Amino acid sequence: MHVRFQYKTRDELTKYNSPVRVPFLDLRRQYTELEAVIDADVKEILSTGAYVMGKHNRGLEEEVARYQGVKHAIAVNSGTDALRIGLDALGIGAGDEVVTVAFTFVATVEAIVQVGAKPVFVDIRREDQMIDPALIEAAITPNTKAIMPVHLWGQMADMASINAIAKKHNLYVIEDAAQAIGSTQGGQGAGNFGQVAGISFYVTKNLGAAGDGGMIVTNDDTVAETCRSMRIHGMGKERYYYDHIGYTSRLSELQAAILRHKLSKLDEWTAMRQAIAAKLIAGLEGSGIGLPVTCAGNNHTWHQFTILAPRRDELQAFLKEREIDSMIYYPVPLHYHAPYKHLAPKGSLPVTEQASLDVLSLPVHQYLGDDEVAWVCESIQAFYR
Ligand SMILES: Cc1ncc(COP(=O)(O)O)c(C=O)c1O
């Protein structure tokens, strides 16, 4: 039995005067909405034996390319692989430096290290927790090959500034768009700013598979061809002839089929998230927390609704008592962890380090009801009163 879904009884809830339980996500409901079509596809795939590199992979690639407004989409096994293969296809490796952030999911940095390059951390902006373009140039050395901004929480990093620096210093830009399918800046989606971008379909993402999955998106024909080859061991056009050292990174047809059905719902689900985020912002105004800031030109898809909360840990415990889930992304900056601590000393990224103490992500999934949103806002207002 899953503890996560053990709802308290009405009596227990009444003890805290809690009218509702507010879960962080409701993945079962996504399935319920699409149950008939997903079940039909799963049955067909299992009965035909076409488990990999089939029509659903091709269909999903076409549909995601169209959705992101890019020329190429290459399905892989995870967002991490999308980034690793993207970096590798650009020839980034030993001796190269990649400028990025320490305030991200570990996979950003893992991908850089795993291709043999060195991550160089710069600090973030307090207001949106993304890379601070004003600090990038100071981190560039003769070994710098690329900048890897992370489009965090469902909105995009300041790509005009980042691309201007990249152009000036002749650097590649790899977009970590793991959290940013459908997000745009100036009307353009990830994959249109850098040479290559990596999207994640991990279960909890706005477009989540029933397991792992990812997509490389790019407008560059050569990079696309290399990535296509690298995801199946570097194989060329002819079977068992190899052009590159590659990876095992196929997306299962089952996942591709599920993702296609969910993609057909994504605009509707995003609009629901945006409406909920607007209600949260209105209801939390004046509470004393730092509200999420949507940067000019961005279409925010609200993968996370992340606040900056004074006495964050106390607030989280208070919300838990009231049956409101919340998450801390990310509680410890990456340069504090054993495998990455040689990359930057503690204290060298003050905004990142402070954000790790202040951030709290509140539920913003598309199925939240008005009563749940009201309970979250009322509870946070009550905590700071
Ligand atoms: C910012 C960021 N980068 C990379 C990844 C890696 O994606 P995946 O878990 O699909 O490998 C994730 C998500 O998990 C992420 O949030």
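The axes of H4, residues 79-89, and H8, residues 221-230, come within 9 Å and cross at roughly 125 degrees. Axes here are lines fitted to C-alpha atoms over the stretch in contact, with angles from 0 to 180 degrees between N-to-C directions. H4 is therefore oblique to H8; that term covers what is left after under 35 degrees (roughly parallel), over 145 (roughly antiparallel) and 65 to 115 (roughly perpendicular). The crossing is right-handed, meaning the near helix is turned clockwise from the far one by less than a right angle.

This is a predicted model, where local features need pLDDT of at least 70 and side-chain atom pairs pLDDT 80 or more, while totals for chains, interfaces and linings use all residues. Residues are numbered from 1 along each chain as its sequence is written, and side-chain values use heavy atoms, without hydrogens and water.

Now the contact, meaning heavy atoms within 4.5 Å. From H4, Ile85, Gly86, Asp88 and Ala89 meet Val223, Thr226, Cys227 and Met230 of H8.

On the H8 side, Val223, Ala224, Thr226, Cys227, Ser229 and Met230 are buried, that is, under 20% relative accessible area with a 1.4 Å probe, protein chains only. The buried residues of H8 pack against H4 and against strands S1 (72-76), S8 (196-200) and S9 (214-218).

Technical notes: Helices (H or I, at least four residues) and strands (E, at least two) are DSSP runs, numbered from the N terminus. Buried means under 20% relative accessible area, exposed over 50%, partly exposed in between (1.4 Å probe, protein chains only).
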